[in-house]
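Good morning. I will take a few minutes to go through one model, with the picture on the screen.

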Amino acid sequence: RSPFWSRVNEWIKSYPIDTRSHPVLIQEVIDHMAAMGANYIITRVHEHRDNVILEHAFWYAALADERLKGMAMQHGSRLLGNFMQILQYVGAREIELGARSLLSTVRRLEYEGMLDSVALNYEHVRVTLHHQIRAVLAV
């Protein structure tokens, strides 16, 4: 598990299970998740650009190379599992679907940031993630 996901899991445990049913607390959780996610994406795109490019290149290579598909699926399952764990803890209704949606949003924001890192800014990423997290949690 990456240091980012370890911090997220440690942080989320400071809230009660099924936080979604607590209107004030769930807003805090959404705000903080969006801020943490935005910091993560901005840092990856601006400070670890080569790693992000390699990761995205790996996904595309796996489309054409059967030998890479299993490894790509395993990596994708691990990432999806991280999102699912958080969504389950806070009480999301559609855990896997929500996790897929959030992961897709993160990948899209990273991809957009790699195409134009100057245009990728914290507030845009935070607002996008905030909107998506609210939608996933149906609050």
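First, how to read it. This is a predicted model, in which local features need pLDDT of at least 70 and side-chain atom pairs count only at pLDDT 80 or more, while totals for chains, interfaces and linings use all residues. Residues are numbered from 1 along each chain as its sequence is written, and side-chain values use heavy atoms, with hydrogens and water left out.

Helices here are DSSP runs of H or I with at least four residues, numbered from the N terminus. Start with H4, residues 66-90. After H4 comes Gly91, with a positive phi near 95 degrees.

Some of H4 is buried, meaning under 20% relative accessible area; exposed is over 50%, and partly exposed is in between, with a 1.4 Å probe and protein chains only. The buried residues include Ala72, His75, Leu79, Phe83 and Val90. A general point: an α-helix has 3.6 residues a turn, so residues three or four places apart point the same way. The buried residues of H4 pack against H1, H2, H3, H5 and H6, where contact means heavy atoms within 4.5 Å.

Now the pair H4 and H5. Their axes are 8 Å apart, at an angle of about 120 degrees. That makes H4 oblique to H5: under 35 degrees counts as roughly parallel, over 145 as roughly antiparallel, 65 to 115 as roughly perpendicular, and the rest as oblique. Axes are lines fitted to C-alpha atoms over the stretch in contact, and angles run from 0 to 180 degrees between N-to-C directions. Among the H4 residues that meet H5 are Gly76, Leu80 and Met84.

H2 also packs on H5. Their axes come within 10 Å and cross at roughly 35 degrees. Tyr40, Ile41, Arg44 and Val45 in H2 meet H5 residues including Val106 and Leu109.

Last, two residues. Asp18, in the loop between H1 and H2, has a positive phi near 65 degrees without being a glycine. Is Asp18 partly exposed or buried? Its relative accessibility is 33%, so Asp18 counts as partly exposed. Ala138, in the segment after H6, has a positive phi of about 55 degrees and is not a glycine either. Ala138 is partly exposed, at 45%.

Terms used: Helix = DSSP H or I, 4+ residues; strand = E, 2+ residues; numbered from the N terminus. Expected span 1.5 Å × (residues − 1).
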